[in-house]
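Dear colleague,

Here is the structure I said I would pass on. My notes on the interface and the pockets follow below it.

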Amino acid sequence: MSGSVRQARIRRYRRLMAGSVLAGTVGFAAAESAGFPVVGVVIYWVGFAGFLAVWQGTSVSLFDERDRALERRAIAIATTAFVLGMILLWPTMVVLSELEIYTPPPAFDGALLAIAVQSGLFAVVYSWLRYR
Amino acid sequence: MNNTVREHREEHGLSQADLADAVDVSRQTINAIERDRYDPSLELAFKLAAYFDCRIEELFDPALEFS
């Protein structure tokens with residue numbers, strides 16, 4: 001197989017993976033709004049299963065080390081930006097709430113809880129990776 | 001990191017896709033390496049050196065300086 005044929009296969013399989021998840025998600029939304037939530041969940045899982053089947057079923061490597069490096073970097077930047085933003089916003093929200101100027105939506109507390117849980121999980125995983 | 005991957009690839013008459021195929025990465029990864037936008041792992045650097053049958057230092061120059 002020539003290089004360009006293999007690259008075309010990679011592109012095609014990646015599109016199939018994305019299309020499978022998209023079809024599952026759209027199918028879920030459509031079935032849910034049509035009043036068939038269970039069917040929607042089944043469609044969603046079929047879409048996800050299609051994603052896994054293409055990913056694991058092909059003999060071509062669909063993601064290489066650079067893809068993984070970019071993914072790690074993007075996750076680190078996105079997580080840091082979100083956590084930093086929330087940490088900076090938190091005392092401001094407390095003060096605004098106590099002064100009865102603005103009350104943050106309940107989702108704000110949920111996000112803070114998620115950050116706390118994620119930080120704890122991070123500490124456990126980091127320690128395990130470091131001292132194993 | 002400075003590298004001579006493009007020069008070696010062109011010497012061998014290969015396209016980026018051909019080289020990518022040979023070392024099992026995407027064409028975009030080879031392009032990023034050639035443009036110094038991505039430093040490959042040690043494993044991939046050794047693969048490239050083995051493929052071109054040269055020493056790894058002939059492909060990659062980290063420009064290290066020690067006092």
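Pockets and interface

The lining of the second largest pocket splits into 4 nonpolar, 2 polar and 6 charged residues. Please keep in mind that this is a predicted model. The space in that second largest pocket is about 160 Å³. Both chains contribute to its lining: among the residues are Asp64(A), Glu65(A) and Arg68(A) on one side, and Asp24(B), Glu43(B) and Lys47(B) on the other. At least two lining residues each come from α3 of chain A and α4 (42-52) of chain B, with α4(B) giving the most, 3 residues.

The largest pocket holds about 290 Å³ of space. Its lining consists of 7 nonpolar, 3 polar and no charged residues. Val83(A), Ile115(A), Phe122(A) and Leu129(A) are among them. The largest share of this lining, 8 residues, belongs to α4(A).

As for the interface, 11 residues of chain A contact 15 residues of chain B. About 1,100 Å² is buried between the two chains, 41% of it on carbon and sulfur atoms. On the chain A side, Arg6(A), Glu65(A) and Arg66(A) lose the most area to chain B, together 49% of what that side buries.

Between the chains there are 2 salt bridges and 10 residue pairs in polar contact, both residues at pLDDT 80 or more. One of the salt bridges joins the side chains of Arg6(A) and Asp21(B), at 3.2 Å from N to O. On chain A, α1 (3-33) and α3 (65-98) each give two or more residues to the side that touches chain B, and α1(A) has the largest share, 4 residues.

Regards

Note on methods:
Residues are numbered from 1 along each chain as its sequence is written. Chains are lettered from A and ligands numbered from 1 in the order in which they are written. This is a predicted model: local features need pLDDT of at least 70, side-chain atom pairs count only at pLDDT 80 or more; totals for chains, interfaces and linings use all residues. Side-chain values use heavy atoms; hydrogens and water are left out. Contact means heavy atoms within 4.5 Å. Buried area is the accessible area (1.4 Å probe) that two parts lose on being put together, summed over both. A salt bridge is a side-chain nitrogen of Lys or Arg within 4 Å of a carboxyl oxygen of Asp or Glu. A polar contact is a pair of N or O atoms within 3.5 Å; within protein, one must be able to donate a hydrogen and the other to accept it, and residues adjacent in sequence count only if both atoms are side-chain atoms. On a 1 Å grid over the protein atoms alone, a cavity is a set of points where a 1.4 Å probe fits but cannot get out, and a pocket is an open set with protein on both sides within 12 Å along at least five of seven lines; lining residues have an atom within 4 Å of a point. Grid points are joined across faces, edges and corners, and a volume is the space filled by probe spheres set on the points. Ala, Val, Leu, Ile, Met, Phe, Trp, Tyr, Cys and Pro count as nonpolar, Asp, Glu, Lys and Arg as charged, and the others, Gly among them, as polar.
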